[in-house]
Amino acid sequence: MKINKKTIAIIGGVVLTFILLFAYVNFNKETPIVGKILSIVGLVEAKKAGSDKMTKVFANMAFTQGDTILTGSDGLAELMLDEDKEVTISSNTHLEFTELVTSIDAAEGKSLLNLFEGKVKVKITEKLKGDSRFQIETPNAIMGVMGTEFYVYTDENGTWVGVIEGEVEVTTQDGERITLVPGNK
């Protein structure tokens, strides 16, 4: 059998198509990207899920469930979760994205951020739908919201919550539930 240039081109095209299809299918099996860094100031580092290595954060860096962000004494990061949740991370903050759902999953599931220390400000621009939840957990409280703007600060002395707009339901480590609105402290 004689193989000419046309046959080689056809075989090459078929092989390339299968390689691209394989790469596309495997790429889409990965965890969906649900957030990106909008801007940074000072020292901001991240630890990707499943890694112990800290890397410097850069603008437009993507992140997903399981990633951790640490800011230094001069650090500040602004990020967008999914397209409707703005998060500002202040200096000296340790924040982990424990669970994240995309807008595709918006009718169910929850996004959970663990704030080990420091301060974050959250603005949810669209009210969450169905059974969807957004929570921030600190060592001594859990804050849950539907659509609001608020900030949380935690350190070894406790947790403070300020509500700018909307409502925040706080569950203390004793199980007490408190609903905060603007003006509450």
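Modeller: In this predicted model, strands β10 and β11 form a hairpin with two residues between them. The model is predicted, and local features need pLDDT of at least 70, side-chain atom pairs count only at pLDDT 80 or more, and totals for chains, interfaces and linings use all residues. Residues are numbered from 1 along each chain as its sequence is written, and side-chain values use heavy atoms, with hydrogens and water left out.

Colleague: F116 lies in strand β9. Why is F116 called partly exposed?

Modeller: Buried means under 20% relative accessible area, exposed means over 50%, and partly exposed lies in between (1.4 Å probe, protein chains only). F116 has a relative accessible area of 40%, so the intermediate label applies.

Colleague: Which residues does F116 touch, leaving aside those up to four places away in sequence?

Modeller: F116 touches H94, E96, P139 and T154, where contact means heavy atoms within 4.5 Å. The C-alpha atoms of F116 and T93 are 7.6 Å apart, although the two residues are 23 apart in sequence.

Colleague: A search of the whole structure finds two aromatic pairs. Why is the pair of Y153 and W160 called tilted?

Modeller: Rings of Phe, Tyr and Trp (its six-membered ring) pair if their centres lie within 6.5 Å; planes under 30 degrees apart count as stacked, over 60 as edge-to-face and the rest as tilted. For Y153 and W160 the centres are 5.6 Å apart and the planes stand at 40°, so the pair is tilted. Y153, at 33% relative accessible area, is partly exposed, and W160, at 43%, is also partly exposed.

Colleague: What makes the charged end of K119 count as sitting over the ring of Y151?

Modeller: The rule requires NZ of Lys or CZ of Arg within 6 Å of the ring centre and within 35 degrees of the ring normal. The charged end of K119 is 5.1 Å from the centre of the Y151 ring and is listed as sitting over that ring.

Technical notes
Two strands pair if DSSP finds at least two bridges between them. Helices (H or I, at least four residues) and strands (E, at least two) are DSSP runs, numbered from the N terminus.
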